[in-house]
Amino acid sequence: MTDSTTAPAASAASTQRTPSTRTAKTLAEKVWDAHLVKRGEDGAPDLIYIDLHLVHEVTSPQAFDGLRAEGRPVRRPDLTIATEDHNTPTVDIDKPIADITSRTQIETLRRNAAEFGIRLHPLGDAEQGIVHVVGPQLGLTQPGITVVCGDSHTSTHGAFGAMAFGIGTSEVEHVLATQTLPLTPFKTMAITVEGTLKPGVTAKDVILAVIAKIGTNGGQGYVLEYRGSAIRALSMEGRMTICNMSIEAGARAGMVAPDDTTFAYLKGRPHAPKGEQWDQAVAYWRTLASDDDAVFDAEVFLDADELEPFVTWGTNPGQGVTLAGAVPDPASMADPQQRASAERALEYMDLAPGTPMKDIRVDAVFMGSCTNSRIEDLRAFASIVKGRRKADGVRVMVVPGSARVRLEAEAEGLDKVFTDFGAEWRFAGCSMCLGMNPDQLAPGERCASTSNRNFEGRQGKGGRTHLVSPLVAAATAIRGTLSSPSDVASEVLV
Amino acid sequence: MEPFTTHTGVAVPLQRSAVDTDQIIPAVYLKRVTKTGFDDALFAHLRQQPDFVLNRPEYVRGSILVAGPDFGTGSSREHAVWALRDYGFRAVFSPRFGDIFRGNSGKQGLLTGVIPEPEIERVWRALAAQPGIEATVDLEAQTLALPGLAVPFEIDAYTRWRLLEGLDDIGLTLRDETRITEFEAGREAWRPTTLPIGTP
Ligand code: SF4
């Protein structure tokens, strides 16, 4: 007979770490422990409270359908917010969406948000945009909170010292219904970047170098904490770029301890605490940094002074070199699996070993995505292209991460800089990051992209992607070949 | 979720190994926005072959699937479980399952029982002798019984308990609802809410 009151231990439980036995804690452990609704026993997962649930049209329909089937309400609509991003068109946004699947997903989200009482920022709204741009910009993403979204790049929000990670559709349903998730503790990895970045080297180059170093599986099972003087010196936008791509290193999440840069970014944002509550919040946020004697399960070190602008040559984000480098020769790779993957990648990318990266011509430049579409990214891009013309035959798309970023950019006159340059200035959304809407590469087309994934077909069937920073994207758009910002007049560098 | 104690229905011999989730439900069906109505998508490509087992009239109403080794391997799509469930399957037996598929099944009320290959083959022979006969799955006793043949199956204790109790993940968590409410009562007032600004 079964015992109906107690559960046998979960079979798939892992005993990766036992946080309760450590007195000194890392940032990740502090946030985790502050959200424990129930500590799992006998290897069962912990039950973790979720402070903020971001919803978009692609991974939510079945979750809402599941709630409906079981007659369950959304437990905390006041901790939930939805926006439209993956499928939204970035031109003619006032016209009906042509693609039927896209239109259905968006209409379904609108119906579900209305039925379940969830705040939605639809296409055309000033706060519409990529979920990972919208949360921080509204001041909803705050230090020490837990954030989830049915999207792997939820790791972006870790830049504020939040524990933020992507979840699957059934977990979306679970959070909607219970505002909690059963989770097994993650391991912790410290990634320390000390020193000063050279001019022209940005957060994007740091994270591409990290991934090239630890590999696309190097972070598996870990929460990464980025630390060191080079990280402290970064703006919030830069930290978001780094945390965003933690997922490309295989990690569940990335985090940066909150500091004065974080507080200055948050202060005065619509949902940031006000008055006395602000002081209480800041006092708490200051306690979140990893304790000096906290132990990480793994540690990685990088020297910021040595980093150069980076670019990928292959079909995963770990296949990258500096722009001054060349396409590597698979024959020189000792690991047979790595060699086979490089051979396949070069065939897909149509590149010969030994080709200098700067000799590679592109057909398109995509400036956008949740990695690099915030106002600072657009300013960086504009600082290089201002007063110039793009290379002939290169299509340049600039897609702001949110409608708010678009408005800000226009107020600063950046739109004029882009259009004078010959770029297309578009409406907010994921756009060519994943080519779910009509913004896609044609087969064989090559693109320098500020997004985060260079998988086969990611930006359109047969499309070839080189991941780069906004500065490298700008220099490339000017010269038509992959270029370092220093190749186009160093005096305009930010 | 409905509790699973015993189930009696038509047993279907799927005499194939390594039926991955892409065969269970091809990728083109993943674009839908519902969680139900995937019955037509189940084995969509295999069903185009006239001699595929589910195309035989005696198996059309099948609800117990008896498959070869490595069932449900490959991509983690939850739709594979939805499609089996929507078609009417309550239980699947195989000598080996893909891990993620197995995890997803247990969460959604589809029983996955492990039966060693020689026993699976005995079941196949028994079904071939009498196509369309009913079998009974007894989760308490952990047996799959056909007329004249009963084979034991394995299932981990935790999943078995959840199936017997009819607890999906959410149901399981909601058993701790008092704790969730208590936790919520202790949350600091300054933590963000998404309520439109100006709403108390
Ligand atoms: S911009 Fe790209 S990576 Fe970011 S959420 Fe959209 S599709 Fe995903």
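**View 1. Two faces of strand β5 in chain B.** In this predicted model, strand β5 of chain B (residues 134–138) shows side chains that alternate along its length.

View 2. Strand β1 of chain B (residues 6–14) runs antiparallel to β5(B), and five bridges join the two. Here B:D138 of β5(B) has B:T6 standing opposite. Strand β6 of chain B (residues 143–146) also pairs with β5(B) in the antiparallel sense, over three bridges. In β6(B), B:T143 is the bridge partner of B:D138. Four residues lie between the strands of the β5(B)–β6(B) hairpin, where B:Q142 takes a positive phi near 55 degrees.

**View 3. Where chain A meets chain B.** Here 59 residues of chain A are in contact with 43 residues of chain B. About 4,300 Å² is buried between the two chains, with carbon and sulfur atoms giving 57% of that area.

**View 4. A salt bridge across the chains.** The side chains of A:R75 and B:E177 meet in a salt bridge, 2.9 Å from N to O. Eight salt bridges are counted between chain A and chain B, along with 21 residue pairs in polar contact. On the side of chain A that touches chain B, α5(A) supplies the largest share, six residues. The residues of that side divide into 24 nonpolar, 24 polar and eleven charged.

Note on methods: Residues are numbered from 1 along each chain as its sequence is written. Chains are lettered from A and ligands numbered from 1 in the order in which they are written. This is a predicted model: local features need pLDDT of at least 70, side-chain atom pairs count only at pLDDT 80 or more; totals for chains, interfaces and linings use all residues. Side-chain values use heavy atoms; hydrogens and water are left out. Buried means under 20% relative accessible area, exposed over 50%, partly exposed in between (1.4 Å probe, protein chains only). Two strands pair if DSSP finds at least two bridges between them. Contact means heavy atoms within 4.5 Å. Buried area is the accessible area (1.4 Å probe) that two parts lose on being put together, summed over both. A salt bridge is a side-chain nitrogen of Lys or Arg within 4 Å of a carboxyl oxygen of Asp or Glu. A polar contact is a pair of N or O atoms within 3.5 Å; within protein, one must be able to donate a hydrogen and the other to accept it, and residues adjacent in sequence count only if both atoms are side-chain atoms. Ala, Val, Leu, Ile, Met, Phe, Trp, Tyr, Cys and Pro count as nonpolar, Asp, Glu, Lys and Arg as charged, and the others, Gly among them, as polar.
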